[in-house]
Amino acid sequence: MNSDIKRIGVLTGGGDCPGINAVIRAVTKTAMNDYGWECYGIRDGFLGLIENRIEPLAWDQCSNILTRGGTILGTSNKANPSRFAVGKDKNGEPIWKDVRDKAMTHYRAHDLDAVVVIGGDGTMSCAATMIEMGGRFVGVPKTIDNDIMSSDLTFGFQTAVEIATDALDRVHTTAASHHRIILVELMGRNAGWLTLNAGIASGSDVILIPEIPYSVDKICEKCYDRKLHGKHFTIIAISEGAKPVGGVQTIKRRIADSPDAIRLGGVAHVLRDELEELTHIESRAVVLGHVQRGGSPCADDRVLATRFGHAAIELLANKQYNELVVMQNAQLGHVPIDSVANQQRLVNPEDELVAVARSVGTCMGD
Ligand code: F6P
């Protein structure tokens with residue numbers, strides 16, 4: 001029993017995903033049941049720590065939330081305590097300030113002995129800078145992008161793959177009926193894991209990921225080749241971060257007061273126009289967007305989220321502070337939070353999964 005801990009905080013940062021509530025449930029139930037610790041909820045990620053929106057989490061609030069999408073605590077992907085937008089200058093540009101002292105004051109005012117941070121690379125980067133201020137944290141890797149360094153798997157990813165695969169399956173039949181090219185744009189930022197997995201699961205004819213720049217000519221060749229073999233339609237799974245050889249990513253918008261200002265999106269429409277012009281095959285583009293992040297987690301994510309939440313409390317109980325729970329080679333483990341800060345785990349173009357896709361005849365755009 002770790003007598004250093006009597007009360008913990010929980011926060012959820014960055015983009016939401018299915019399974020966050022399942023982690024909150026596992027964290028709070030393990031903390032209360034096994035160790036008798038009090039739990040406090042911090043609202044809207046690190047924003048709640050900065051603005052002192054911290055309240056006790058009662059048992060009832062954490063019960064019956066296993067299957068619920070989103071996060072009962074709310075989230076924010078704008079609140080980095082070491083670089084927080086406190087206003088705008090006369091040109092409308094954000095004025096950044098380090099407000100970590102303020103966040104630590106609130107951490108101490110509530111007598112928190114540690115905080116469980118459930119988030120992606122941005123949230124872990126924030127936690128790393130708060131560790132420098134003397135806070136105790138433990139991380140749980142969350143994101144549909146599956147791009148957190150040192151973990152083979154993040155919770156939320158498998159549900160997003162299921163949702164995207166279902167969408168690709170559905171466009172398959174309509175593309176075949178209309179003899180069309182249909183591009184389905186998937187999330188994932190700079191990482192192609194979601195597109196690669198959903199693309200393989202749905203038997204997409206072309207899979208385009210950020211890590212392998214595409215050639216429009218090669219994609220046209222694939223469409224022609226399919227036609228030659230009597231297949232008058234083509235399904236293309238394309239990452240929002242995909243880019244042509246020698247080209248750049250398509251940016252949908254810039255969010256000035258977000259530490260990671262760029263939001264990708266729109267590449268499917270750009271490529272649709274090019275393919276239609278070159279192949280004369282009628283083409284459509286579908287952007288799945290936030291549908292991939294919504295709703296109930298799949299069974300595998302429920303189990304993973306529960307294991308991750310439990311493991312986070314075990315780390316605290318064993319005084320292993322400032323560590324991130326990870327999954328490596330199907331085993332739970334942990335690495336220092338600061339070792340994953342400001343990094344993204346990308347697909348290696350030589351990855352076995354890429355080779356498998358190629359072997360079953362998938363065009364990877366190169
Ligand atoms: O990181 C998760 C993610 O869904 C990315 O796949 C996507 O690029 C981004 O968040 C979208 O962010 P927002 O919710 O701000 O539109």
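Helix α10 spans residues 352-359 and has D351 as the cap of its N-terminal end; helices here are DSSP runs (H or I, at least four residues) numbered from the N terminus. A side-chain oxygen of D351 lies 2.8 Å from the backbone nitrogen of L353. After α10 comes G361, with a positive phi near 95 degrees.

The model is predicted: local features need pLDDT of at least 70 and side-chain atom pairs pLDDT 80 or more, while totals for chains, interfaces and linings use all residues. Residues are numbered from 1 along each chain as its sequence is written, and side-chain values use heavy atoms, without hydrogens and water.

The ligand is surrounded by N77, I144, D145, M187, G188, R189, E240, R263, H290 and R293, where a residue is near if one of its heavy atoms lies within 4 Å. Domain 1 (7-155 + 299-339) and domain 2 (158-292 + 348-359) both contribute to this shell, so the ligand lies between them; the domain bounds come from an automatic or database assignment.

Taken alone, the ligand exposes 400 Å², and the protein buries 82% of that (Shrake-Rupley method, 1.4 Å probe).

Key. A polar contact is a pair of N or O atoms within 3.5 Å; within protein, one must be able to donate a hydrogen and the other to accept it, and residues adjacent in sequence count only if both atoms are side-chain atoms. Helices (H or I, at least four residues) and strands (E, at least two) are DSSP runs, numbered from the N terminus.
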